Amino acid sequence: MIPIIPITDMFMARKITVGVLFGGRSAEHEISLRSAYNVIGAINRERYGIVLIGIDKGGTWRHLRPDFFSGCGENTDRLDLRSKGDPVFLSPGMDGRKLVVTVKPETELSIDVFFPVLHGPYGEDGTIQGLLKLLNVPFVGADVLGSAVGMDKDVMKRLLRDAGIPIARFLCFRKGEDERIGFNGISAELGLPLFVKPANLGSSVGVSKVESEREFDRAVSEAFGYDKKIIIEEMIEGREIECSVLGNENPVASLPGEITSRDGFYSYRAKYIDEDGAVLGIPAELPGGVVREVQEYAVRTYRALCCEGMARVDMFLAGGNRVVVNELNTIPGFTRISMYPKLWEISGIPYDTLIDRLIELAMDRFENERILRTSFLTG
């Protein structure tokens, strides 16, 4: 059982205002809306005030009404942020925690902590994190570096390999390197089937399983449609295992879960559209020693990639229960069927307490960084 850490007195003193950020410019915009719907529904309204900020597909930030998600249920795909709310810009204000809404007359909303529920580029890759850091405001999740390396599968896998963490063999290619991207040479090196993926995207968007040259050419074109860099990696035969991690300096891992996909791999459709597209084993049926090994690799991966706050680590159990780490997700899905909150729930931390913990971790990191020296005086 995961130890329960008591909420600090800070949460008892007054109502904390949380700015929930969602939407964004990436191909995972719709998944962000669904995750945000669930996060907002789980937040304890007696403890927190909420400010909704949606980022439309054009990149405009919009202050939305508190009832924005009312009546839509899980059908968030039909929501269009472009015609909603008032455009906003951010300003540090006098106390470093101000969101200025550009309406007439101008209105200032004070934000204590931001909760980014953004997936993919322009939200999970360090861009939003860097902006919020410049604004001197706490935010949930990984910092700039952890977010950036967690987003880029090429850099991520090289760091894991350097840390001695087992990964699948892979190759990386950039747009314009057509002469290097040949089916015969790559399949001879990595074997078949193999996977082609955009380097900077999640939720299985643009990912293809390839078994022939015709499928290969189509998969490469598809992946390059989402990113200027792609990775091609060998297929690992084994059980798909996921483990949630929580914490800053002393992270802890949840009980692992298992995914059995009916699509051949855990595709976008299986994750978010077809509830029968995959079977989730929560917790995974594993021997105690394997559970501990999975948890240890999850924490090692988390540390190697400089993560804080939260992350979900995806891995395979190959023959003989050999662990192979696939990737890490710094802003995991928070939909109704997402593994990150489900794994913590089965590990003893219910959804609303998980939200408390994530916000507390964000504010603890902010306070710890605030006391760092910013000048060096001699003499």
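Buried residues are those under 20% relative accessible area, exposed ones are over 50%, and partly exposed ones lie in between (1.4 Å probe, protein chains only). Helices (H or I, at least four residues) and strands (E, at least two) are DSSP runs, numbered from the N terminus. The structure is a predicted model, in which local features need pLDDT of at least 70 and side-chain atom pairs count only at pLDDT 80 or more, while totals for chains, interfaces and linings use all residues. Residues are numbered from 1 along each chain as its sequence is written, and side-chain values use heavy atoms, with hydrogens and water left out.

**View 1. Overview of the protein.** The protein contains eleven helices and 17 strands. Of its 379 residues, 55% are buried. Among contacts (heavy atoms within 4.5 Å) with a separation of 6 or more, 67% are between residues 24 or more positions apart.

**View 2. Helix α3 and its surroundings.** Helix α3 spans residues 127–134, and its buried residues are Ile128, Gln129, Gly130 and Leu132. These buried residues pack against the strands β1 (16–23), β2 (48–55), β3 (61–64), β4 (86–91) and β7 (113–117), and also against α4 (144–151). Just after α3, asparagine 136 adopts a positive phi of about 65°.

**View 3. Serine 208 in strand β10.** Serine 208 lies in strand β10, which covers residues 208–210. Serine 208 counts as buried because its relative accessibility is 17%. Leaving aside residues up to four places away in sequence, serine 208 touches Leu194, Phe195, Val196, Ala219 and Glu222.
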